[in-house]
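Hi,

Here is the structure I promised to send over.

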Amino acid sequence: MSTNASGNTGPLGHPRGIGFGILLFIVTLGFYSYYWVYKTQEETKQHTGDGLGGVLGLVVWIIIGAVSAFVIPSEIGRMYQRDGQHSPVTGWTGLWLFPGAILVIPAIVWFVKIQGSLNTYWGAKASSGAAAAPADA
């Protein structure tokens with residue numbers, strides 16, 4: 001497994017609890033999604049130097065959320081691939097939200113796949129970075 005194959009050198013994002021995220025989606029009647037989309041896309045762009053980023057990603061989510069259902073996993077997939085890893089999600093993962101998030105179970109599956117992939121990536125990078133830090137110092 002190759003690390004930093006093509007520019008994934010920016011700051012790491014933060015793992016987020018999947019169950020807690022689902023709870024916040026429900027309790028806030030979906031408003032947590034705005035924060036989640038902003039943070040997810042901003043952290044991915046900061047780390048890779050590529051992608052929509054937080055503000056544009058949020059605008060796309062609000063105006064045409066169906067597009068974001070495909071863009072978010074696609075950007076995460078490219079982040080994995082640039083790092084020389086097999087991607088657990090692709091743009092096709094967005095099909096879980098088709099025809100919309102009104103279908104609760106597919107929306108939960110989509111979120112679990114996306115946030116789980118991010119948590120795995122951020123956790124692995126943090127572990128390898130922590131292990132490599134003394135050698136680099």
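Which residues of H3 are buried? They are Gly54, Gly57, Val60 and Trp61, where buried means under 20% relative accessible area, exposed over 50% and partly exposed in between, with a 1.4 Å probe and protein chains only. Seen down the axis of H3, these buried residues fall within an arc of 130°, so they line one face of the helix; the arc is that of the directions from the helix axis to the C-beta atoms. Val55, Ile62 and Ile63 are exposed, on the face turned away from the buried side of H3.

Before the rest, some housekeeping. This is a predicted model, so local features need pLDDT of at least 70 and side-chain atom pairs count only at pLDDT 80 or more, while totals for chains, interfaces and linings use all residues. Residues are numbered from 1 along each chain as its sequence is written, and side-chain values use heavy atoms, with hydrogens and water left out. Helices (H or I, at least four residues) and strands (E, at least two) are DSSP runs, numbered from the N terminus.

Now the surface. A nonpolar patch there is formed by Leu29, Phe31, Tyr34, Tyr38, Val55, Leu56, Val59, Ile62, Ile63, Ile64 and Val67, with about 1,100 Å² of accessible area together. Patches take residues with over 30% relative accessible area and no salt bridge, joining like charges within 9 Å and nonpolar side chains (Val, Leu, Ile, Met, Phe, Trp, Tyr) within 5 Å; the areas come from the Shrake-Rupley method with a 1.4 Å probe, and for residues only the protein chains shown count as cover. H3 (54-63) and H2 (32-48) each supply at least two residues of the patch, and the largest share, 5 residues, comes from H3. Ile64 sits in the loop between H3 and H4 (65-82) and is partly exposed at 44%. Val67, in H4, is also partly exposed, at 37%.

Inside, the largest nonpolar core has 19 residues, of which Trp36, Ile72, Ile76, Met79, Trp110, Ile114 and Leu118 touch the most other members. H2, H4 and H5 (104-136) each supply at least two residues of this core, and H5 gives the most, with 7. A core here is a set of buried Ala, Val, Leu, Ile, Met, Phe, Trp, Tyr and Cys residues joined through side-chain atoms within 4.5 Å. Leaving aside residues up to four places away in sequence, Ile76 touches Val89, Ile114, Ser117 and Leu118, contact being heavy atoms within 4.5 Å.

On to charges: the whole structure has 4 salt bridges, each a side-chain nitrogen of Lys or Arg within 4 Å of a carboxyl oxygen of Asp or Glu. Glu43 and Arg16 meet in one of them (2.9 Å, N to O). Glu43 lies in H2 and Arg16 in the segment before H1 (18-27), so this pair ties together parts 27 residues apart in sequence. Both Glu43 and Arg16 are buried. Asp50 pairs with Arg82, the closest N and O atoms being 2.8 Å apart. Here Asp50 is partly exposed at 35%, whereas Arg82 is buried at 16%. Asp83 and Lys125 form another salt bridge (3.1 Å, N to O), with Asp83 in the loop between H4 and H5 and Lys125 in H5, 42 residues apart. Salt bridges that share partners also join Asp50, Arg78 and Arg82 into one network.

Cheers
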